[in-house]
Amino acid sequence: MRFTHFTALLTTLLAAMVSVQAKTLAPGYNREMIRGVNIGSWLVLEKWMCPSLFDTYASSAVDEWTFTETLGKDAAYTALQSHWSSWFTKDDVVSLKGMGINALRIPVGYWSFDLQDDEPYVWGAQDWLDTAIDWAREEGLYVWVDLHGVPGSQNGFDNSGRSGAMDWQTVDGNIARTHSVLKTIAKKYGASSYADVVIGIQLVNEPASWGNNSNDITRDFYNDGYGNVWAEVENGDMMVVIHDNFLPLSDWTNFQGPPAAGNLGIDTHIYQVFADSDNTLNQDGHVALACSKGDLLAAANAIVPVFTGEWSGATNICLLADGSTIAGTSCSEDGCQCESADSRTWSDGLIAQLRRFNEAQMDVWEETTSGYFFWNFKTEHAPAWDFMKGAQNGWIPQPLSDRQFPGQCGYTVDQYFIDSSASSSAAVSSTEVASSTAWEETSSTEAWTEATATAEATSTDAWTSAEATTTADAWTAAETTSDAWPSTSEYVVPTSTDAAASPTTTVVTYTTAAPAAAEITAAPAGGDYTYTVTNYYTFTGDAAATNTDGIANLGMDYTTTQTEYYTTEWTTATTTAYYRRVKRGRYGRS
């Protein structure tokens, strides 16, 4: 359903600020939990994450505006093409998928869609965005297109493309240009051809709630932007995302969400390094602060999908020799090491402190939100902000569900199960999956993740066998031992026109145990082998039942003979199926 305008966003968002004891799924939200990363400093430069690019080409530049202004368009285009082709690659997408990531939030600037002659930016980033979406589709990942920078700058930060002045709302035409860009993005990436991969469009990243910005104007922009996007998209499941404007979520309680609440998402960014109060905390304090976010997030997520669109593992702490931590970026005590040190020198103890903080945050996001995006997928010299480095070196859990410090925030850990024979509505089995991906089988292959389960033979006497009706190469997945034959069982007799066979739909009773020829008591010398089995049946149908040749079968005993083919060379059996990620028994607070 489309809406020309949504007159407001969240009428009762956080209206009942109660302690939430268990996760309530956001209304209308029908996707799996988002576990994503941001692809920052790629299509919108941020010097602190990739300083080598600036050092090489424009060391005095501080953002993408001054970078391109310093170089001029031709040289800037050459430098950026080199950067775009190397900072983020298809190999990164493959690696991120292997680390448990299922979504990418990709920041992009307005100048990739609307560039005026008096602006120093250069064209080309849109093509790379298209390429990244193709990569994501190939690997089964989702994409959020995030309008990270708008004309005039929405916050005066370098992440808007231009640091310093904040003129988005004060210069005539800037908001109109932003809406025009959003319409272009919505028309292109909201097309049905992108519906399998592009699941979100963010109206603007981090608009300031101070300075030259008016919160009332921002709210009007959200209202109009939502309508403009929905006027263009073909994808009825597209989510339009708004940032919380650096305000408490409770500030959105006077907004009314649209009927299809799942089509609206709220993005909140949670860091613990930018406020003065953050930098007085030791790691115990940081963990406690992370845990304290849970109830407010859960209350909001019970109304509309909430996403922690940016977060990191960064804190300004030092580890003392006795294993305790203090706030700071430097220390002089023997055996003291700070997070600000080169990560190549980090001790196991310091890595454990980062891991502890990340696990606490992830517990909160998993339980109280609809998803998260770590900032950033990588950096050059800021390891606590580097997801891939963290996953490779132990301060990001691998798999993402692994916990060295469980229950820090009072949430018990979900147990994930797999049932290879379950239908989409069946209960899971008691076999636990030791990974971040909990699966429930589904018959649909669309929009599901593929999972592979491998079962291994327990002994040399347990033969993996396969029966073939035509050739020895057509194997099924049956197993037999010497006692594989029951003394009595019901079987549905196969359809046949042979007078010696049973009628088409008759259920018969197996009255005689399998003959000795069918029993396997020891392994053959090796290789494939065959044997012939004679099965004994008695017909138990009603008097009127006949087979297709009209021969009455009431009380008739009969036999069938078949050749079965086996191999002794299989020790493992692998089954590939499509599964839906699911959590069983929502956990609450202990």
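**Disulfides, barrel and core of the predicted model**

Counted along the chain, the bonded cysteines of the protein form disulfides in the pattern 1-6, 2-5, 3-4. A disulfide is here a pair of cysteine sulfur atoms within 2.5 Å, and by this rule the count comes to three. The structure is a predicted model, in which local features need pLDDT of at least 70 and side-chain atom pairs count only at pLDDT 80 or more, while totals for chains, interfaces and linings use all residues. Residues are numbered from 1 along each chain as its sequence is written, and side-chain values use heavy atoms, with hydrogens and water left out.

Helices (H or I, at least four residues) and strands (E, at least two) are DSSP runs, numbered from the N terminus. The link of Cys291 and Cys409 is left-handed, with -75° about the S-S bond. Both Cys291 and Cys409 are buried, where buried means under 20% relative accessible area, exposed over 50%, and partly exposed in between (1.4 Å probe, protein chains only).

A further disulfide connects Cys318 and Cys338, S to S 1.9 Å. Its torsion about the S-S bond is about 95°, so this disulfide is right-handed. Cys318 in strand β8 (residues 317-319) and Cys338 in strand β10 (residues 337-338) are 20 residues apart. Cys318 has a relative accessible area of 0% and is therefore buried; Cys338, at 7%, is likewise buried. In the disulfide of Cys331 and Cys336, the sulfur atoms are 1.8 Å apart, and the link is left-handed, with -110° about the S-S bond. Cys331 is partly exposed because its relative accessible area is 30%, whereas Cys336 is buried at 16%.

The strands β1-β2-β3-β4-β5-β6-β7-β11 form a closed barrel of eight strands with parallel pairing; two strands pair if DSSP finds at least two bridges between them. Neighbouring strands of this sheet are turned by 25° against each other on average, direction ignored. Strand β1 (residues 34-38) pairs in the parallel sense with strand β11 (residues 371-374) over four bridges, and Ile34 stands opposite Gly371 in β11.

Strand β2 (residues 103-109) runs parallel to β3 and is joined to it by seven bridges, with Gly109 opposite Gly149. Strand β4 (residues 198-202) pairs with β3 over four bridges, also in the parallel sense, and Trp144 stands opposite Gly200 in β4. A right-handed β-α-β unit is made by β3, helix α6 (residues 174-189) and β4; right-handed means that, with the strands pointing away from the viewer, the path from the first strand over the helix to the second runs clockwise.

The largest nonpolar core contains 106 residues, of which Trp42, Phe88, Leu104 and Phe387 touch the most other members. Such a core is a set of buried Ala, Val, Leu, Ile, Met, Phe, Trp, Tyr and Cys residues joined through side-chain atoms within 4.5 Å. A second, separate core of eleven residues includes Ala26, Tyr29, Ile199 and Met239.

Note on methods
Axes are lines fitted to C-alpha atoms, for helices over the stretch in contact, and angles run from 0 to 180 degrees between N-to-C directions.
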